[in-house]
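Here is a short report on one protein model.

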Amino acid sequence: MSAPMISLQSLSGTTVFDQLPARAKSGACASSSCGSFAKPHEMDSAVWEKIKDHPCFSEEAHHYFARMHVAVAPACNIQCNYCNRKYDCANESRPGVVSERLTPDQALRKVIGVANEVPQLSVLGIAGPGDACYDWKNTKATFERVAKEIADIKLCISTNGLALPDRVAELAEMNVDHVTITINMVDPRIGAKIYPWIFYDNRRYTGVEAATILHERQMSGLEMLTARGILTKINSVMIPGVNDEHLIEVNKWVKERGAFLHNVMPLISDPAHGTHYGLSGQRGPKAMELKALQDRLEGGAKLMRHCRQCRADAVGLLGEDRGQEFTLDRLPDKVTYDASKRETYRAVVARERGDRMAAKSEALGMVKTAGSGKSLLVAVATKGGGRINEHFGHAKEFQVYEASPKGISFVGHRKVEQYCLGGRAEDKSLDGVISTLEGVDIVLCARIGNCPEDRLKEGGIRATDAYGYDYIETAIGALYAAEFGSEPLAATA
């Protein structure tokens, strides 16, 4: 049975926040102890300390902690066929997209403003909209200013890797211990199909020559980071017919060079974005194609499956973007950092994640004792906190889990158009949701109406709100046990 629910989403509200100090202290729980319960047995303690509050480097942490990106690095040194940084829509999420570019001083003001209002914030990243290592003056100045004001925030960058080897020493000096490198190929002949040109050493290169230089610099940068003990995440864009099969080789190369995570992302190729791939008709992979490739990569470099392909100015938990709440015109001219909300939130989360891990362990035991060789694919509507706490009609994405004899694992997410808006339901949107949930066996949500439940059933997908507000793993364990003959765990609210 799940522990009593703590509404983590409400912790930034003033009324609830005033009650948090007592909640955080109850049960004599301290963040340095309870939070450690979530550490995987096989993981080194030093590594766990680096990732336990980083939503991109830890799937478990992404239920509780938020990131923000500041768009201070507009200059870029390569051209990718899947990128067009001139396009922007505030309602869409895509790497390289921003609504306003910032100076380092403006970025500091924005980071403090967000930190004061978003207690989940744990990470500051610079992911463009160009390249953080190439536009280094702005990147470095921003990190130096923020680190001086908010000492406990994690700093990380995302880079294409071309200028990375020149920056590794300074990254280490600034205590940047998380770096993401986008690596789409290790064969320059394939790279030439992805990158029209690069700008390196004051020259523009094209074709295989350009891809060869990029490849060598990426591998060198990765090896240098590994030698410094800096954790690396490798992003790879899956482009059907171009590099999809080749990513198996990429996975091997980055594992050999010490990459901590490999994140295989789907190509976004909407023609409206104006990218080369979008305009030329290059399709992106279907959800099940992406999952099939990720499944083939199991056993290689550890996979990240919870990526949301965030904007370069994203703010909030993964899967949400509150960036429009914190545009410069909405921020005070002068801000002073107040650490109280973030400190209290961490104490409450430490207790909650310890409870959740105990419930998860019980659920895993149920799955493994069910004695079945079958698997179950489950889509979950959630607002965060590791709970089933979103109404089906309000969901903008579903987190997908797979239960099998191996256990319960997060395998991806499916973005959807919100089905119910302002009390009105759109049949066309529901058709899109059903299509997006292809391959899913069961949908779990906090509430669902009879109409969408019946429509899902017609599409071969079951849905239930019987486990609303339970821990995700608890509900999946109960479902798996019921499905395959073991004694089910009772649903709790």
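The model is predicted: local features need pLDDT of at least 70, side-chain atom pairs count only at pLDDT 80 or more, and totals for chains, interfaces and linings use all residues. Residues are numbered from 1 along each chain as its sequence is written, and side-chain values use heavy atoms, without hydrogens and water.

**Helix pair**

Helices (DSSP runs of H or I, at least four residues) and strands (E, at least two) are numbered from the N terminus. Helix α5 (residues 104-117) and helix α6 (residues 136-149) have axes that come within 9 Å and cross at roughly 40 degrees. Axes are lines fitted to C-alpha atoms over the stretch in contact, with angles from 0 to 180 degrees between N-to-C directions. Contact means heavy atoms within 4.5 Å. On the α5 side, P104, D105, A107, L108, V111 and I112 take part; they meet N138, A141, T142, R145, V146 and E149 of α6.

Buried means under 20% relative accessible area (1.4 Å probe, protein chains only). In α6, W136, T139, A141, T142, F143 and V146 are buried. Their cover includes α5, β3 (121-126), β4 (154-159) and α7 (168-173).

**Cysteines**

How many disulfides does a search of the whole structure find? It finds 0. A disulfide is a pair of cysteine sulfur atoms within 2.5 Å. The table gives two cysteines.

| Cysteine | Closest cysteine sulfur | Relative accessibility |
|---|---|---|
| C307 | C310, 6.1 Å | 14% |
| C310 | C56, 6.0 Å | 15% |

Technical notes
Buried means under 20% relative accessible area, exposed over 50%, partly exposed in between (1.4 Å probe, protein chains only).
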